[in-house]
Amino acid sequence: MLAGLVWWLTLQSSSLSEPMSAQVSAKIEIARIRSGVLPGVIIGGHHEGWLNIVQQRYTATSDRDDRFEESARYLIEDELVQAGFNVVRSQPSSVFEEAVNDTEPGRFLIGGTMTQARLNSYQSWFKGDRTQDERTIRWELFDRHRARVVYRQEISGSAEAEGVDNPAATYEAIRASIKHLLTESTFLAALNSPGSESDIPARFEVAALAASDQPLSIAQLSGRSVSSIVRIRTSSGRGSGFLIDSSGLVITNQHVVGSAFTVNVDLYDGSTRIGRVLRRDSGLDAALVKLEGGETDISGLPLCQTNAVRVGESVIAIGNPLSLSNSVTQGIVSGFRLDGDRSLIQTDTAINPGNSGGPLMNRQGAVIGIVTEKIASKGIEGLGFALPIDQVLHRLNVEVVKGDRANLDNCGNPMTAS
């Protein structure tokens with residue numbers, strides 16, 4: 001029954017058509033829209049005859065019609081596209097497209113709660129059969145940069161359609177509400193609020209850091225590296241990451257930060273910083289995060305941005321598996337694999353949930369890769385994988401400045417005594 005409508009959506013937008021396209025540039029993503037009408041509340045009924053005598057009462061229910069939800073999703077997406085928004089579609093927006101690939105989530109999340117519903121149908125030989133629907137939706141706009149709701153407004157939409165219990169009336173009532181929302185000056189002003197995209201440089205430069213010129217023991221290696229390892233927390237989970245310089249740049253996996261624009265970063269000294277997600281590459285599964293609050297007194301880890309890695313080489317992983325902070329495991333490089341356009345370092349080093357985003361390091365203390373995934377199944381052990389750090393740096397537009405190229409080790413870092 002239409003009375004029990006509950007639906008969930010997720011959309012993205014980037015600029016309104018003329019003349020609004022020159023004013024709004026931020027992406028918007030639809031998070032969820034739900035019913036706030038309590039089950040059992042009478043919202044209308046079926047009427048018959050000249051006097052519109054009620055024959056049946058309509059009440060709200062908690063039942064969900066998945067097909068109706070899907071249709072409502074497409075309707076709202078189409079309305080936003082026609083209004084000029086660049087929408088990340090839940091289905092291809094063109095008959096010639098087979099897939100949609102947008103790796104960057106929206107800065108804004110839009111969602112709504114249906115607070116009131118009035119649904120009536122009429123059957124009369126004189127006036128004809130018709131359905132009338134009115135939906136009041138409380139729209140909310142969440143700014144991921146500010147981590148708060150920046151717009152909230154209840155907007156009603158109504159419509160009428162021929163026929164008894166015709167769902168088109170409900171679709172058009174929803175369309176009327178979203179149309180009204182897109183004309184609200186306060187809504188558009190919220191979308192135009194200053195963002196932080198423009199202050200992100202096209203390329204980041206970090207200084208090459210010296211590693212040891214001799215293999216280190218596990219104790220020595222973990223002792224000099226563990227302070228650069230961080231735990232990254234979001235509302236949907238947690239993982240690992242590591243600092244690459246003292247300005248607070250952190251590398252991790254994209255699946256660790258997810259769609260978050262800011263994350264909580266726990267440092268080795270027990271403090272927590274807010275981290276701003278600067279870049280993400282979902283195809284590779286890599287992300288770059290910047291700690292807020294200025295410089296840190298923690299040095300980053302040396303990076304082995306060359307092809308100096310060898311099969312059989314001894315390596316260690318440091319991370320936060322299962323919330324066990326700064327756990328160290330050791331193994332070897334087992335091989336090199338290709339997964340589409342991704343290169344992977346295979347290792348038998350123990351990897352568990354929470355290790356994702358942490359470093360895989362050689363015995364000189366340089367990062368050779370980012371722990372990203374493992375194959376887990378009964379009877380399968382020691383099949384973990386890391387992304388080569390040079391591939392990650394390239395995709396995230398991070399350049400390691402090497403200085404005097406005549407005095408570099410095999411990883412491209414300055415030579416130093418152990």
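A salt bridge is a side-chain nitrogen of Lys or Arg within 4 Å of a carboxyl oxygen of Asp or Glu. The exercises below apply to a predicted model.

**Exercise 1.** Decide whether D143 and R107 form a salt bridge, and state where the two residues lie.

Solution. Step 1: the N to O distance between the side chains of D143 and R107 is 2.8 Å. Step 2: the cut-off is 4 Å, and the pair is a salt bridge. Step 3: D143 belongs to strand 5 (residues 130-143), while R107 sits in the loop between helix 1 and strand 4 (108-123). The two are 36 residues apart, and the pair links distant parts of the chain. Step 4: both D143 and R107 are buried.

**Exercise 2.** Locate the salt bridge of E79 and K179, classify each residue as buried or partly exposed, and name the network they belong to.

Solution. Step 1: the side chains of E79 and K179 meet at 2.9 Å, N to O. Step 2: E79 is in helix 1 (residues 66-82) and K179 in helix 2 (residues 168-181), 100 residues apart. Step 3: buried means under 20% relative accessible area. E79 has 5% relative accessibility and therefore counts as buried. K179, at 42%, counts as partly exposed. Step 4: a network of salt bridges links E79, E172, R175 and K179.

**Exercise 3.** Work out which side of helix 4 (residues 218-225) is covered, and by what.

Solution. Step 1: the buried residues of helix 4 are L221, S222 and S225. Step 2: these residues cover an arc of only 90° around the axis, so they lie on the same side of helix 4. Step 3: A219 and G223, on the other side of helix 4, are exposed. Step 4: the buried residues pack against strand 8 (229-234), strand 14 (314-319), strand 15 (327-339) and strand 17 (359-362).

**Exercise 4.** Describe the strand partners of strand 12 (residues 272-281) and the hairpins it forms with them.

Solution. Step 1: seven of the ten residues of strand 12 are buried. Step 2: strand 11 (residues 262-266) pairs antiparallel with strand 12 over five bridges, and N264 has I274 as its bridge partner. Five residues separate the strands in this hairpin, where G270 takes a positive phi near 95°. Step 3: strand 13 (residues 286-291) is joined antiparallel to strand 12 by six bridges, with R280 opposite A287. Four residues separate the strands in this second hairpin, and D285 takes a positive phi near 75°.

Terms used: Residues are numbered from 1 along each chain as its sequence is written. This is a predicted model: local features need pLDDT of at least 70, side-chain atom pairs count only at pLDDT 80 or more; totals for chains, interfaces and linings use all residues. Side-chain values use heavy atoms; hydrogens and water are left out. Buried means under 20% relative accessible area, exposed over 50%, partly exposed in between (1.4 Å probe, protein chains only). The arc is that of the directions from the helix axis to the C-beta atoms. Contact means heavy atoms within 4.5 Å. Two strands pair if DSSP finds at least two bridges between them.
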